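I opened this model to look up a few local features. My notes follow the display.

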Amino acid sequence: MSQTVAVVILNWNGLDLLKEFLPEVVKYSKEATVYVADNASTDTSISFVEAHFPEVKIVQNKVNGGYAKGYNDALAGLSEDIFILLNSDVKVTPNWILPIEGVFEKDKSVAAVQPKILDYKKPTHFEYAGAAGGFIDKFGYPFCRGRIFDSLEKDNGQYDDEIEIFWASGACLAIKRDKYYEVGKLDEDYFAHQEEIDICWRLHNYGYKVIYTPNSVVYHVGGATLNRMNPKKTFFNFRNSLFNLIKNVPSNKILSVLFLRMVLDGIAAFKFLFELKLNHFTAVFQAHISFYSQLNKFLKKRKKLPKKDNYYSKISVVCRNYGLGQKKFSDF
């Protein structure tokens, strides 16, 4: 029996994005039910959807709880077997859902799937948020096949193999409904950024697989809600990456990993200072203060989660990139 699919687009004052990208989502998602989950928008985006796309179902959230709470609230009332969490600034392509369904059907231990994510503004290249599948280094810094920090590779078919990855991008994250709830949903304390890494980490710790498939392709604008040069994004990425570590790293490594990560974050902060990016310098320290203030809460979460030792790459992407000048995944 085929599995049912829900494509869920989280919206917050995204009228222009919905006008541009929703028509093709509806056109190319006939296998699924399309939902727009609205995070208490104050623009006319929902009336636009109701007027022009009556086949799209609206889920109205009461507050703007960010990515994590927004999706948790929206998905609570859905019954489909597979949720595809799709950013509102993603252009989908014909038959983009079928390969994702195929991965789930082929291997029942697969809990999440990510398609190939290319740059909408530069379609020949991979996009920052996910590229050809995400990984994490020994100190919790995320990187991708096709993207190391801000270095983006051209798509020459070099990552056209279907493989197991560590994390799937929240820009287009397909996840089984039962696994989503088994591992505890998205963590709402993150608000936004890297919560997809956390939930994928938990999926691994529960013994499930996360897969990248090149047979499904989408194009992501990126930064439509929060540009990656915005200090708020710096704050969320640094803080939430620390949340990932305290929740998920095995006990025999947590102290050494956290200590060295603090040192590297300090170096990153002063790099921002020397580059005269004072707001980003401040954001790193604010991220650490926020992390310390919530440490007890996250230690309690940590106690409830299973942990496995084979959770990440043994390399330091910071040392490889900045110390050895390695800019591509293939260099690793």
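I kept in mind that the model is predicted.

**Entry 1: nonpolar cores**

I started with the nonpolar cores. In general, nonpolar side chains tend to be buried together in soluble globular proteins. Here the largest core holds 63 residues. Which residues have the most contacts inside it? They are Y71 and L85. I then listed the neighbours of Y71, skipping residues up to four places away in sequence. Y71 touches V8, I9 and L10, then L85 and L86, and also Y180 and L186. So L85 turns up among the contacts of Y71. A second core is separate and has 34 residues. Among its members are V49, V92, I117 and V218.

**Entry 2: helices α7 and α8**

Next I looked at a helix pair. Two packed helices are described by the angle between their axes and the distance between the axes. Helix α7 spans residues 231-248, and helix α8 spans residues 254-274. Their axes are 10 Å apart, and the packing angle is about 170 degrees. An angle over 145 degrees counts as roughly antiparallel, so α7 is roughly antiparallel to α8. Which residues make the contact? From α7 I noted T234, F238, S241, L242, L245 and I246. From α8 I noted I254, V257, L258, R261, M262, D265, A268 and F272. Sorted by class, the contact has 10 nonpolar, two polar and two charged residues.

**Entry 3: cysteines**

How many disulfides does a search of the whole structure find? It finds zero. I checked C172. The closest cysteine sulfur to that of C172 belongs to C200, 12 Å away. A disulfide needs the sulfur atoms within 2.5 Å, so the C172 sulfur is too far from that of C200 for a bond. C200 is in no disulfide either. For C200, the nearest cysteine sulfur is that of C144, at 11 Å. I also looked up accessibility. C172 is buried, at 1% relative accessibility. C200 is buried too, with a relative accessible area of 1%.

**Entry 4: positive phi values**

I then went through backbone angles. Most residues other than glycine have a negative phi. A131 is not a glycine, yet its phi is positive, at about 45 degrees. A131 sits in the loop between β6 (110-119) and β7 (134-136). Is A131 buried or exposed? A131 counts as buried, at 0% relative accessibility. K185 also has a positive phi, near 65 degrees. K185 is in the loop between α5 (177-182) and α6 (195-205). At 31% relative accessibility, K185 counts as partly exposed.

**Entry 5: S45**

S45 came next. S45 lies in helix α2, residues 45-52. S45 is buried, with 0% relative accessible area. I checked what S45 touches, again leaving out residues up to four places away in sequence. The contacts are N11, G14, L15, L18 and D38. K19 was worth a separate note. S45 and K19 are 26 residues apart in sequence, while their C-alpha atoms are 8.6 Å apart in space.

**Entry 6: Q294**

Where does Q294 lie? Q294 lies in the loop between α9 (278-293) and α10 (295-303). Q294 is buried, with a relative accessible area of 15%; the cut-off for buried is under 20%. Beyond residues up to four places away in sequence, Q294 touches D189, R239 and F243.

Technical notes: Residues numbered from 1 in each chain as written. Predicted model: local features only at pLDDT ≥ 70, side-chain atom pairs only at ≥ 80, totals over all residues. Heavy atoms only, no water. Axes fitted to C-alpha atoms, helices over the stretch in contact; angles between N-to-C directions. Helix = DSSP H or I, 4+ residues; strand = E, 2+ residues; numbered from the N terminus. Parallel < 35°, antiparallel > 145°, perpendicular 65-115°, else oblique. Contact = heavy atoms within 4.5 Å. Nonpolar A, V, L, I, M, F, W, Y, C, P; charged D, E, K, R; others polar. Buried < 20%, exposed > 50% of the residue type's maximum accessible area, 1.4 Å probe, protein only. Core = buried A, V, L, I, M, F, W, Y, C linked by side-chain atoms within 4.5 Å.
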